[in-house]
Amino acid sequence: MVARDYEDYDYEVIKDWWIGHNWNAIPIDFLPRTGVVVEDEDSMYCAVWIYADSTSPIGMMEWLVTNPENKPRESVKAINLILKAVLEKAVYMDLKALMTSVNNKGLIKMYNKYQFNVTDTDMKNMLRII
């Protein structure tokens, strides 16, 4: 498995992952150019995006999604790889902090291994499409 930059042609595959997890697919025009995917020669395993603004050193890591056909071990391996790649990309982007929203206990444990710390608790993520 390797991590690489997200390309727009990846969207059709990734869109089906969100649907496969019973989530709404994120529209392609909502995704920044700063995404990362993990793949090998046969499959794609997961994807995530970094939202950042040049006026702030804080970025937001969002929309982490795995291929619903992954075996659990494949997802764990791919998420570990993508977290390493995202942190490298964040440094390259000159970010000083990376925020994310998560409620899955397994992901929280994985994020803790990468020194993500809990900030707010009992929060609801909200989105209004304009």
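Let us begin with the buried residues of helix α2 in this predicted model. They are S75, A78, I79, N80, I82, L83, A85, V86, K89 and A90. The elements that cover these residues include strands β1 (2–5), β2, β3, β4 and β5 (97–100), together with helix α3.

Just after α2, residue D94 takes a positive phi of about 65 degrees.

One of the buried residues, N80, deserves a separate remark. N80 is found in helix α2. Its relative accessibility is 14%, and it counts as buried because the limit for that class is under 20%. Leaving aside neighbours within four places in sequence, N80 is in contact with M110, K113 and Y114.

As a general matter, nonpolar side chains in soluble globular proteins tend to be buried together. In this model, the largest nonpolar core has 22 residues, and those touching the most other members are M61, L64, I82, V86, L98 and Y111. The elements that give two or more residues to this core are β2 (35–39), β3 (44–51), β4 (58–66), α2 (72–92) and α3 (105–113). Which of them gives the most? It is α2, with seven residues.

A second core, of twelve residues, is separate; W18, I26, V37 and A47 are among its members.

Returning to the largest core, let us consider Y111. When neighbours within four places in sequence are set aside, Y111 is in contact with M61, L64, L83, T100, V102 and F116. Two of these partners, M61 and L64, are also named among the core residues that touch the most other members.

The next topic is the largest pocket. Its volume is about 1,700 Å³. The pocket is lined by 45 residues, and the closest to its centre are E62, S101, V102, N103 and N125. The elements that give two or more residues to the lining are β4, α2, β5 and α3. The most comes from β4, which gives seven residues. How do the lining residues divide between nonpolar, polar and charged? There are 27 nonpolar, 14 polar and four charged residues.

Let me next take T34, which lies in the loop between α1 (11–20) and β2. Not counting residues up to four places away in sequence, T34 touches W49, I50, Y51, K89 and M93.

N22 is found in the loop between α1 and β2. Its phi is near 65 degrees, a positive value in a residue other than glycine. Q115 lies in the segment after α3. The phi of Q115 is also near 65 degrees, again a positive value in a residue other than glycine. At 66% relative accessibility, Q115 likewise counts as exposed.

Terms used
Residues numbered from 1 in each chain as written. Predicted model: local features only at pLDDT ≥ 70, side-chain atom pairs only at ≥ 80, totals over all residues. Heavy atoms only, no water. Core = buried A, V, L, I, M, F, W, Y, C linked by side-chain atoms within 4.5 Å. Buried < 20%, exposed > 50% of the residue type's maximum accessible area, 1.4 Å probe, protein only. Helix = DSSP H or I, 4+ residues; strand = E, 2+ residues; numbered from the N terminus. Contact = heavy atoms within 4.5 Å. 1 Å grid on protein atoms, 1.4 Å probe; cavity = no way out; pocket = protein on both sides within 12 Å on 5 of 7 lines; lining within 4 Å. Points joined across faces, edges and corners; volume = space filled by probe spheres on them. Nonpolar A, V, L, I, M, F, W, Y, C, P; charged D, E, K, R; others polar.
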